[in-house]
Amino acid sequence: MSITQEQVLEALRTVPEPDLKKDLVTLNMIRDIAINGVNITFTVVLTTPACPLKELIRNSCIDAIHNLVSADAVVVVNLTADVTTGRFNSGPVLTGVKNIIAVSSGKGGVGKSTITANLAVALSKSGAKVGIIDADISGPSMPTMFDVEDARPNVIENENGKPTIIPIEQYGVKLISIGFLSPAESAVVWRGPMASSALRQFISDCEWGELDYLLFDMPPGTSDIHLTLVQTVPVTGAIVITTPQKVAIADAQRGLQMFRQPQVNVPILGVIENMAWFTPAELPENKYYIFGKDGGKELAEKFDVPLLGQIPLVQGIRESGDAGKPAIINQDEITANAFRELAQSVAQQVAIRNASLAETRKVEIKV
């Protein structure tokens, strides 16, 4: 008896998406089924190219076909991705951007900009379209992190005759920063309203095009910039970065609580513990907890949010940042793996967040 498409779909109804807790067919993730005798080919559309569970999903699909359709079937599972979004009726700005993520910290010096740069490049290397807005107006770091300190963005007129800024692109990531618009040696001494105005211009007057993720490298602490962001665009979620020691955790806790205040109300995607331990290049298996141990992990547990990753303190990360080449690009497996896994965790939490919003929206529409 020949194999039918209905049999294949029924088998795949038994395969759950591990994070979203529904089967692949219900989630409309199965496309392009082709059957030729015992040869079965189909595509699984993942929620992000950075999905950490793609091989698990592939193998589960193959097992389901063998167990429920035919043990002799030759199964080819193609994997692609269509990044999800929770931005429904999101207003007139950043219309092509699927997910807006605020990367924040309670205090300076915890490596927030380094994490942002490497996270963006890691997401881009996975196949996603990514941009960064350097929202730290008084202390812009992205031009240095991406080795584009001398770059100047072009300005064109859009179809309405309005001047539009074209972001700089480097390592597959689109960038805008006040550092591109003022001399590197000059201090930007602006009051809150001026800094907020600059941020709004980066959001509304730049040609961002189609992006899967737009990261905002926020200034340390809590400020007008944070309020301006959440009042200007719907933010998918916030990431809180800390180092393990007590003084950093105390500030990170305040930063996390800020996003949960009613006037802000931004979901926390998770906590990243940076400089979690020191690993010398000549002893890659060794870990020295020079700033304390598991402070970020304990913060995540206290507030019941995911621990997205623990990034080691490695000399190469600092050297790469100073050289304008994020560490994820280098061949050092310790740092590359840490940032690759971080990107997967962030993409995973964004997909879970978007699925929850989609379910809520369905219920509201039915009501």
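1. Let me start with Cys-61, which is buried at 0% relative accessibility (buried means under 20% relative accessible area, exposed over 50%, and partly exposed in between, with a 1.4 Å probe and protein chains only). The sulfur of Cys-61 has its closest cysteine sulfur in Cys-51, 11 Å away, which is too far for a bond. Cys-51 is buried as well, with a relative accessible area of 4%. The structure holds zero disulfides, a disulfide being a pair of cysteine sulfur atoms within 2.5 Å.

2. A word on the basis of these values. This is a predicted model, in which local features need pLDDT of at least 70 and side-chain atom pairs count only at pLDDT 80 or more, while totals for chains, interfaces and linings use all residues. Residues are numbered from 1 along each chain as its sequence is written, and side-chain values use heavy atoms, with hydrogens and water left out.

3. Cys-51 comes back in the largest cavity, where the lining consists of Glu-17, Asp-19, Leu-20, Thr-47, Thr-48, Cys-51, Pro-52, Gln-348 and Ala-351. On a 1 Å grid over the protein atoms alone, a cavity is a set of points where a 1.4 Å probe fits but cannot get out; a pocket is an open set with protein on both sides within 12 Å along at least five of seven lines; and lining residues have an atom within 4 Å of a point. The volume of this cavity is about 50 Å³, where a volume is the space filled by probe spheres set on the points, and grid points are joined across faces, edges and corners. By class, the lining has four nonpolar, three polar and two charged residues (Ala, Val, Leu, Ile, Met, Phe, Trp, Tyr, Cys and Pro count as nonpolar, Asp, Glu, Lys and Arg as charged, and the others, Gly among them, as polar).

4. In total, the structure holds two cavities of 30 Å³ or more.

5. Pro-92, Leu-94, Ser-204, Cys-206 and Glu-207 are the closest to its centre among 20 lining residues. β9 (163-166) and α5 (192-204) each supply at least two residues of this lining, whose classes are eight nonpolar, seven polar and five charged.

6. Leu-94 deserves a look at its backbone too. Its phi is near 50 degrees, a positive value in a residue other than glycine. Most residues other than glycine have a negative phi. Leu-94 is placed in the loop between β5 (74-81) and β6 (100-105) and is buried, with a relative accessible area of 8%. Met-275, in strand β14, also has a positive phi, near 55 degrees, and is buried at 17% relative accessibility.

7. Rings of Phe, Tyr and Trp (its six-membered ring) pair if their centres lie within 6.5 Å; planes under 30 degrees apart count as stacked, over 60 as edge-to-face and the rest as tilted. Phe-278 is partly exposed at 29% relative accessibility, and Tyr-288 is partly exposed at 37%. The whole structure has three aromatic pairs.

8. Lys-287 lies over the face of Trp-277, 4.0 Å from the ring centre. The charged end of Lys-293 is over the ring of Tyr-289, at 4.9 Å from its centre.

How values were computed. Helices (H or I, at least four residues) and strands (E, at least two) are DSSP runs, numbered from the N terminus. A charge sits over a ring if NZ of Lys or CZ of Arg is within 6 Å of the ring centre and within 35 degrees of the ring normal.
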